[in-house]
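Keep the structure open while reading.

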Amino acid sequence: MSQRPRLEVAEVIRSYGQAYRERYTPSADQARVLRAVTQCRTGFLGGHVQACDHCGQRQISYNSCRNRHCPKCQGSQTARWLEAQQPHLLPVPYFHVVFTLPQVLAPLALQNPRVVYGLLFQAVSRTLLEVAANPRHLGATIGFLAVLHTWGQTLTHHPHIHCVVPAGGLSPDGSHWVSSSPHFFLPVRVLSRLFRGKFLALLLQAFDRERLRFHGSIEPLAQQTAFLGLISEARGTEWVVYAKRPFGGPRTVLKYLARYTHRVAISNYRLLSSEDGTVAFRYKDYARGRRLRTLRLEATEFIRRFLLHALPRGFVRIRRYGLLANAQREQKLARCRELLSGLPRNGPSQDPYTEITAYEPGGYRCPSCGKGIMRRLHLAFSWASLRPRPPPVQALS
């Protein structure tokens, strides 16, 4: 059982949130995240009583905010989500492809996250589906999961989409499974060029339809000449599409998804200290062999960077495409399994979920005896019950 982190993002916000608000004006989405993170697992949200099913030890547990940006709310949500993904996995190797938005367009994305991130998903999905369907490459209909991340290791704005793709797909007539090379999926250069063209075309269309907003430093881009100049600059930039080495079957895929799907900008375990108006945290320096380093930021700057990654309310950051899209997904996956049943399997594919998580449905390991599971009792309390009540009013004689 992992130990509780010594410092939490919530504590930093409680200590320096007012100083942040005096310097910056958070958006409605950012204000919602600030409120949720600071109230999470406190008496403000009420709570319930849990008891160990082995030793009977009882304890009060405060309710979670369940905000997707909260570092404390992702563990159980990830476990439940992963459990639901098991029926959608195929007994084949998987590839991991990453599409990154160039930095020149990042300021536009910050002011128009719902539109720009939506276009990013569209461009990525159309690129993968089109290149895979081309007979010169794979010649098949593929399915994949796409997950949006907007951060780098130091909390800077770095929008990119992680795609998890089975190594193959259905033939155009659905008669057989088309396997890709075990070491190569699709040509990265082709993906990069097509991705760039599709995204910029969609962005121009959004501009023509007046779906974009321009304020502050990017206000001049509201003029067509300036915006076309931005498009030209972006077109002259090399767009990064990175295909990581292939990994194994369903068991390995779930381990990967557990790391990426419900990740937030920074976990509490990376925080080292909060003192004298600064916050220090660990990060991996990928330019120097993933070496662990320490970065110290002014507390208000830390909060500002953390809130850069607050997504618009209702925006879906985990999406499925192709064979995994909701329409006829069960029938298509059943057909894939039927075609794959006669092919040799790559690694174990049964019960892929059982070894990757310590999450127990309905509870967690008892901190007292270490044997039982803490189960929730039907005893709940609210914030109102925790507040001190005013003394009764004396009747006038």
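Helices and strands here are DSSP runs, numbered from the N terminus; a helix needs at least four residues and a strand at least two. The model is predicted.

## The second largest pocket

The second largest pocket has a volume of about 660 Å³. Its lining holds 25 residues. Closest to the pocket centre are Ser 27, Gln 30, Leu 110, Gln 111 and Pro 113.

Which elements give two or more residues to this lining? They are helix 2 (28-39), helix 4 (106-111), helix 5 (113-133) and helix 9 (299-307). Helix 5 gives the most, with 4 residues. By class, the lining of the second largest pocket divides into 12 nonpolar, 8 polar and 5 charged residues.

## The largest cavity

How many cavities of 30 Å³ or more does a search of the whole structure find? The search finds 2. The largest cavity has a volume of about 180 Å³. It is lined by 18 residues. His 88, Leu 89, Tyr 94, Leu 145 and Leu 324 are the closest to its centre.

Four elements are named as suppliers of at least two lining residues each: helix 3 (75-85), strand 4 (143-151), strand 5 (157-166) and helix 8 (250-260). The lining of the largest cavity has 13 nonpolar residues, 4 polar and 1 charged.

## The second largest cavity

The second largest cavity has a volume of about 140 Å³. Its lining has 14 residues. His 69, Trp 151, Val 264, Ala 265 and His 309 are the closest to the centre.

Which element gives the most to the lining of the second largest cavity? Strand 4 does, with 3 residues. Strand 4 also supplies at least two residues to the lining of the largest cavity. By class, the lining of the second largest cavity has 8 nonpolar, 3 polar and 3 charged residues.

Strands of a sheet pair through backbone hydrogen bonds, either parallel or antiparallel. In this model, an open sheet of 3 strands has the order 9-10-11, and its pairing is antiparallel. Strand 9 and strand 11 are the edge strands, each pairing on one side only. Neighbouring strands of this sheet are turned by 25° against each other on average, direction ignored.

Over how many bridges do strand 9 and strand 10 pair? They pair over 4 bridges, in the antiparallel sense.

Helix 1 (9-23) lies across strand 9, strand 10 and strand 11. Helix 1 runs at about 50° to strand 9. Helix 9 packs on the sheet too, touching strand 9, strand 10 and strand 11. The direction of helix 9 makes about 110° with that of strand 11.

Is helix 9 mostly covered or mostly open? Helix 9 is mostly covered, with 8 of its 9 residues buried. The buried residues are Ala 299, Thr 300, Glu 301, Phe 302, Ile 303, Arg 305, Phe 306 and Leu 307. They pack against helix 1 and helix 2. They also pack against strand 9 (271-275), strand 10 (278-285) and strand 11 (291-298).

Methods:
Residues are numbered from 1 along each chain as its sequence is written. This is a predicted model: local features need pLDDT of at least 70, side-chain atom pairs count only at pLDDT 80 or more; totals for chains, interfaces and linings use all residues. Side-chain values use heavy atoms; hydrogens and water are left out. On a 1 Å grid over the protein atoms alone, a cavity is a set of points where a 1.4 Å probe fits but cannot get out, and a pocket is an open set with protein on both sides within 12 Å along at least five of seven lines; lining residues have an atom within 4 Å of a point. Grid points are joined across faces, edges and corners, and a volume is the space filled by probe spheres set on the points. Ala, Val, Leu, Ile, Met, Phe, Trp, Tyr, Cys and Pro count as nonpolar, Asp, Glu, Lys and Arg as charged, and the others, Gly among them, as polar. Buried means under 20% relative accessible area, exposed over 50%, partly exposed in between (1.4 Å probe, protein chains only). Contact means heavy atoms within 4.5 Å. Two strands pair if DSSP finds at least two bridges between them. Axes are lines fitted to C-alpha atoms, for helices over the stretch in contact, and angles run from 0 to 180 degrees between N-to-C directions.
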